Number of protein chains: 6
Amino acid sequence: MKIAVINPNTTAAMTRRIGEAAQAVAASGTQILARNPTTGPASIEGYVDEIYSVPGLLAEIRRAEADGAQGHVIACFDDTGLEAARCVANHPVVGIGEAAFHMASLLAGRFSVITTLHRSIAAIEQNLLKYGLERRCARVRAVEVAVLELEDPACDAAGRIADEITAALREDRAEAIVLGCAGMAAFAASLARQSGVPVLDGVGCAVKLIEGLQALGLNTSRAGGYQKPLPKIYAGF
Amino acid sequence: MKIAVINPNTTAAMTRRIGEAAQAVAASGTQILARNPTTGPASIEGYVDEIYSVPGLLAEIRRAEADGAQGHVIACFDDTGLEAARCVANHPVVGIGEAAFHMASLLAGRFSVITTLHRSIAAIEQNLLKYGLERRCARVRAVEVAVLELEDPACDAAGRIADEITAALREDRAEAIVLGCAGMAAFAASLARQSGVPVLDGVGCAVKLIEGLQALGLNTSRAGGYQKPLPKIYAGF
Amino acid sequence: MKIAVINPNTTAAMTRRIGEAAQAVAASGTQILARNPTTGPASIEGYVDEIYSVPGLLAEIRRAEADGAQGHVIACFDDTGLEAARCVANHPVVGIGEAAFHMASLLAGRFSVITTLHRSIAAIEQNLLKYGLERRCARVRAVEVAVLELEDPACDAAGRIADEITAALREDRAEAIVLGCAGMAAFAASLARQSGVPVLDGVGCAVKLIEGLQALGLNTSRAGGYQKPLPKIYAGF
Amino acid sequence: MKIAVINPNTTAAMTRRIGEAAQAVAASGTQILARNPTTGPASIEGYVDEIYSVPGLLAEIRRAEADGAQGHVIACFDDTGLEAARCVANHPVVGIGEAAFHMASLLAGRFSVITTLHRSIAAIEQNLLKYGLERRCARVRAVEVAVLELEDPACDAAGRIADEITAALREDRAEAIVLGCAGMAAFAASLARQSGVPVLDGVGCAVKLIEGLQALGLNTSRAGGYQKPLPKIYAGF
Amino acid sequence: MKIAVINPNTTAAMTRRIGEAAQAVAASGTQILARNPTTGPASIEGYVDEIYSVPGLLAEIRRAEADGAQGHVIACFDDTGLEAARCVANHPVVGIGEAAFHMASLLAGRFSVITTLHRSIAAIEQNLLKYGLERRCARVRAVEVAVLELEDPACDAAGRIADEITAALREDRAEAIVLGCAGMAAFAASLARQSGVPVLDGVGCAVKLIEGLQALGLNTSRAGGYQKPLPKIYAGF
Amino acid sequence: MKIAVINPNTTAAMTRRIGEAAQAVAASGTQILARNPTTGPASIEGYVDEIYSVPGLLAEIRRAEADGAQGHVIACFDDTGLEAARCVANHPVVGIGEAAFHMASLLAGRFSVITTLHRSIAAIEQNLLKYGLERRCARVRAVEVAVLELEDPACDAAGRIADEITAALREDRAEAIVLGCAGMAAFAASLARQSGVPVLDGVGCAVKLIEGLQALGLNTSRAGGYQKPLPKIYAGF
C-alpha cells in the first residue's frame, strides 16, 4: 500500500526527514510517498501560514491518489486543512496532531503538548476542543524555537524540549508528552528515555492509524460535513 | 468610518445585496465598502470552498485597509478565515456567524440556526464550540436550498425557512432564530413578524459590533494566536 | 435614542462617573440617562447586596421607559438582576459583565477578569458559566479594593490592577483584560497603553451593544424565561 | 433541632402543606418551623417573582435563627435567593431544587424534572448548570399548571404530571423523576407507585440534607462567595 | 434501622474505626453494621486493588441484607464497585466519595480533595467527572502516605494533610476540603478547627445520606444501568 | 508479534469467533492469541457481570505475557477492567470500545453506538465521558438482543441492528456507526454496504491500534494512575 505523507510546507529537507520517520515505522508492505506542495510558506507558524498552505496540500492529495496512494497523512501538527482534505480525498486522511492525541489517550490519562512557538498554542487548543480531547490534555507548551530552527544546534531544541517535559511532569501532572511539530520526530526516542514517560511523535502515529483504517476497509463518512465537494470552479486556482 | 464588508465568494450580485443590508443598519457616519475577491468559489458550501476563498479574502482585507477601512466584516456564516483575517488586519474583524451568536445570546436563552445545506452544519457546530456558545444553540438546521438559489422563487427559500422556524420553536425549544447564511438577510424582518421571536441576520449584527469596537478604541489582541504573521514568502500567491 | 444606564447601587457620584463614561462612547444621537435607585446598598459586593439592589433597579427600568428609554444597561459587573430586568423591560437590556465578555471574545482567544473583592469572584464565575463563555475566561482575579475605594488615591487601585494584569498575562496566558467593576472605567485607557493588550470596560461595551440591538430592531425574546411577568401583587413593594 | 422551612412566597396555605410534608419525613428530634414572608408574590413563577421574594426570605431566615433554627430549607424549586441566604444565615441552607438533584444522583444515572410553567424551565436549567449536574438531568418539562392551581381538581395536575412522567421515561430515557415545585410534594408517593421509578420531592430531600449537615457539624464555608455580608445599610429595607 | 458500612478492604482494625466514625454520627435509631470482606487486598490503592475487593464487597452486601440492613455505605473513597453494588442490593447504596462531594457542594462553591497516594488521583478525578461534579472540585491532592500508615505517628499524616489544606486554600482557591480516604475520618474535626473551612469525611456524609434516602422511602432506580443482574452463574465465585 | 485478544466472558465459541475476526485484520507477522478466562460469567451484560469477569481477565493477561504476548485487546465493548489491565500488563492494552470510538473519530464528525441490551447503555456512556469523546457520540442505542443470542437466527440481530442504523442516520444525524458488542463483528461488512456509512467493529480497531503502538515502541505511562500495582496479597484469589 502507498501512503502519502504530505508536509504542507514547501521545505523539501523537512519533507525528506518526515518521510524517513514515516517509513521507519511503516509496515513492510507500506510505501511512503513523502510530498510537499510547491506553493505556500516554508514553514507553518500561525493561522495565516495555514491558509496559504492548504490549496497546495489539496493538490498534493489529488496527485498522490493519481499515483496510487490509498491513505494520507497531513504532516503538520495543526492538522492544517484536515476537513477539506477529507472531502477531496477518496481515501482516509489523518492529521498528525489528532493521531498523537488519540494514541496518547490509549497510554495515559493526561498528556501535555510541547510545540514550537507561543503563537501556535491557540490553534492546537482549538483542535483539542474540536476533537473532544481537551480534558485529556493538561497543557500546551511552547519552546520558542521556530520550525526551521529545530535542527540548528545553536537553538538546542532538544534541550529546551527536555526542560519543558520536566516542567510538564511536575506542574501539569502530565503522564505522557506529545511533540507538537512534525520537525521534532527525531527527538522523540531520546526524550522518552530521558523522561521515563511516553513521548509521541504524530507522524508515526498517523502512519499506523492510516495503515489500520486501510486494513479494516474503513473510509471517511460522506454523510455529514465530509461530503465530496460540489462541482465548482475555483477562480484563480 | 469605513467598514469593509467582505463577501468571501465571488458572486458580485450577492456582495451587492449584502452591502445594502449592511449600509441599511450602519450608523450615519459609516461607509460600507462591500467587496468580494475575484479568486475562489462562487458560493461557500462546505470545507473545500472555504479553503479556496480565504486567500482572496485576505487580499481584500489588505486592499480595504489601503482604502481606509477601519474594521472588517467577514460576510460568510462559516466565519471563513476569521482567525487568519484577524492576524493580517490592522483593525478589528468580526465574522457574521459569531456576530449573530453573540447578539442572540443577549436576547434569548437558546437559539436555533437555520442554514442552507446539510453539509454546512458540521462547520457551524464546530464554530459554536470554538466560541464557547454551543450550549446556547439548541440546534443547527438546514433547508437544503443552495446559497445561489436563495433568491430563486422556485426554491421558496422563505417558505422553507419559515417551516424550519416553526419546527425549531416546537422541537428545539428555541427562543430566537439565527439565519445561517449571508444571503438570507432579506428574509429576516418578515420571518420575525411571522414567528414572533427575534430573527437575527449576521451581517447587520457584525456591522454594529465593528462600529462598537471602533467607538471603544478596541482592537485585536496580539498576545496570543492573533499575532501579526511572521514575514514570509507564500510561494504561488 | 435614549439609553438608560442604571447603576444598581445608590451612590450618585458613581452613577455620574458611569454616565460620563457611557456618554463618551455613545453615538451622536444617543442620550444617556444615568440613573440609580434610591433603595438598596451603596455598593454591590457579594450576593446579599445584589438582592437588595434589584427591586430598585427594576423600578428605575420602568421609570426610564416612562421617560422614553429604548434600551437599558445594568451597570454592575455582576449583571445584577439581568434576567428579571429583561422580563420587565419593553426594550433590550444588557449587563456590563456579559457585554465585556462578549466583546472580549471578538478580540482575543482568552481573557482574564480583574474585579474588586475576592468575595465577588464566585458570582462572576457563575455568570461566565451561564453565558457559556467560561472557557474563554482564563481566570477571575481580585485586587481587594472595595468598590467605593477605587477612587481613593491611598488605595492605589490603578497600580494594583496593573500588577494583576501583569500576573494575568504571565500566569493565565490572558490575551485581553476585562475590568470587573463599573467603577474601574476610568482606568481602562491607561491600563491598555501600559499593558499592550485590550482592556475592556463593560459600561462602554454595553452601550454599544444596546445601540446595536436598537439599530437592528431586535428585542428580548418572550418565548422562554424572559416572558413578561404574570400580573401579580408584590406585597410590601 | 429546629429547622426552618421557608416558603418564599406569601401563600400561607402552601406553607402549611409544605411544613406538613417536611415534618412527615423529619427525624423524631426535629421541629419544623414552616414560615413564609409577608412581603413578595403569592407564588414564584419566573425571574421577577424571585426578585421580590428574596428580601422577605432573608428576613425569615434571620427571624428563624432568633427563634433557634439551626438549619434552613428554601422551599421553592428555583432555589430562590440560595446564595444570599447562605451568606446571611449562621447555619446551613439547602434549596429544595439542589436537594432533589443531589439525592436523585444517588439513585439514578439520569433524571427528568417536571415543573409547573414553561417560563420556569430556563431558571431550573441554569441552576443545574451552576451545580454541575446538568449532565445528570435528561430534560426539564412543564405541565403548564400554575403553582396555585396545583391543588385545584379541575386542573388535574396529578394526571398531567403522570403523563409527563410517561413521556420522560420513554423519550428522555429518564430513570428517576424530580418534581419541580414545592407544591407537588403530595403527589410524589402515588406517582412513584404508578411509574415504577423514584419520584423525588425536594422538600423532603432538603430536610434530610439539613439534618445530615447538622449531625455532621458542618456549616457553610466563609472562604469564598458565601462570606458574611459586609456591614451595610440597605436603604428602603 | 440497620445500615451496613462496608469497608471493601480486609483490614479489620480499619473497619472497626470506620464503624465507630459511622456510629458516632448516626441517628439514635440507626444500628451500624461495620463489615469487611475476607477476600481481597488489605488496602485499596489503585485500580487493581479495586478489582479484587469488589466480589467480596458484593458478598458482604448480600450478607448484610440477610441480616436486615436497609441501606449500604461503601467505605472506600474510590466508591469501589458502586454501580455493581447498586445492582445487587435491594436497598440504597452510597459511596463515601460521592457522599462527600455532594455534601461539600451544599457548603462551598469549590472544594479540594486530599487523598493518600498520587496513584489514586486518576480514579477520583474520573469519579468526579462521572458524577458531574468535576467543576466543583478545584484539585485532587495526595499526601503520599499509604492507607495503612495513616495511623502511624511516624508518618505524621495529620500534619501532611494540614500542609496540603494550606496549599489548597491558597493555590486552588478551595473553600472546603474533602478527605479522600476512609482512614482519615479521625482527623476531620481538628483539621476543620485549624483551617477554618469545612473538612468533610465521606463516611459520616454517606451514613446521613442513607438515613435520608431511607426516611424518604427512596430506592435505586431499576430503569437504567442499575437493573437487577440477570440470573447467571459466575464460574469460580 | 503475538497479541492477546481476551474475551472476558467464559464462552469459548464467542472467543473463537472474536479470534477469527482479529486474525482476519491482523498484519502478516501478527499472531492472535484468543483467550478467555475460565472464571466469571458466560456473557457480560451490566455492571455486575463486569465485576466477576475482571479477575479472570487479569489472570489471562499475565498468562498471555508468559506466552510472549506483546500487547492486549480487551474484547468486551464495556472495556471491562481496562485500567486495571493497564496496571498489570507489561505491554499496551486497548479496549474494543475505546478503539472503535477513536477510530470512528477519524472518519466522521458524529457516530452512534448500537449495543445489545438497554442495561448496557449507561456504562458505555460513562466510558465515552471518561475518554472525552462524549460529544462525538450522537447516541447509544440498544437492539434488546442478548449477547449470546446474537448468533441465533430467530433473533434476527442483523435485521434489528440495520433498523437502528436507519434510525440513527435519520434521528441522531450519525455519520458512522459503532457496533457495541464484540459479538457483532460478523455483521459489520454487510451493514456498511447496506447503510452506506462506516460501520466499525471494535475488535479489528483494537488489533490495529495495538499493532501501531507496538511498531512505535510505545507503552503505557507509569506516571499516573497506571502505575504497577503495589505488591499485595489478594486473599481468596
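1. Some terms come first. Two residues are in contact if their C-beta atoms, placed from the backbone, lie within 7 Å. Helices (H or I, at least four residues) and strands (E, at least two) are DSSP runs, numbered from the N terminus. Axes are lines fitted to C-alpha atoms, for helices over the stretch in contact; angles between N-to-C directions run from 0 to 180 degrees.

2. This is a predicted model, in which local features need pLDDT of at least 70 and side-chain atom pairs count only at pLDDT 80 or more, while totals for chains, interfaces and linings use all residues. Residues are numbered from 1 along each chain as its sequence is written, and chains are lettered from A, with ligands numbered from 1, in the order in which they are written.

3. Start with the sheet in chain E. Four strands form an open sheet in the order 2-1-3-4, with parallel pairing. Two strands pair if DSSP finds at least two bridges between them. Strand 2 (31-35) and strand 4 (93-95) of chain E are the edges, and each pairs on one side only. From one strand to the next, the twist averages 25 degrees.

4. Now look at one pair. Strand 3 (residues 69-74) of chain E runs parallel to strand 4 of chain E, and three bridges join them. E:Val73 stands opposite E:Val94, which lies in strand 4 of chain E. Strands of a sheet pair through backbone hydrogen bonds, either parallel or antiparallel.

5. Which strands does helix 1 of chain E lie across? Helix 1 (residues 12-25) lies across strand 1 (2-6), strand 2 and strand 3 of chain E. The helix runs at about 165 degrees to strand 2 of chain E.

6. Next, turn to the meeting of chains D and E. Helix 8 (residues 202-215) of chain D packs on helix 8 (residues 202-215) of chain E at about 150 degrees, with the axes 9 Å apart. That makes the two helices roughly antiparallel. The cut-offs: under 35 degrees is roughly parallel, over 145 roughly antiparallel, 65 to 115 roughly perpendicular, and the rest oblique.

7. The crossing of helix 8 of chain D and helix 8 of chain E is right-handed. A crossing is right-handed if the near helix is turned clockwise from the far one by less than a right angle, and left-handed if anticlockwise. Chain D brings D:Lys208, D:Leu209, D:Gly212 and D:Ala215 to the contact, and chain E brings E:Lys208, E:Leu209, E:Gly212 and E:Ala215. By class, the contact has four nonpolar, two polar and two charged residues. Here Ala, Val, Leu, Ile, Met, Phe, Trp, Tyr, Cys and Pro count as nonpolar, Asp, Glu, Lys and Arg as charged, and the others, Gly among them, as polar.

8. How many residues of chain C are in contact with chain D? There are 39, and they meet 39 residues of chain D. Helix 2 (47-66), helix 3 (82-88) and helix 5 (121-131) of chain C each supply at least two residues of this side. Helix 2 of chain C gives the most, with nine residues. The side of chain C that touches chain D holds 21 nonpolar, eleven polar and seven charged residues.

9. Of the contact residues of chain C, 100% recur in chain D.
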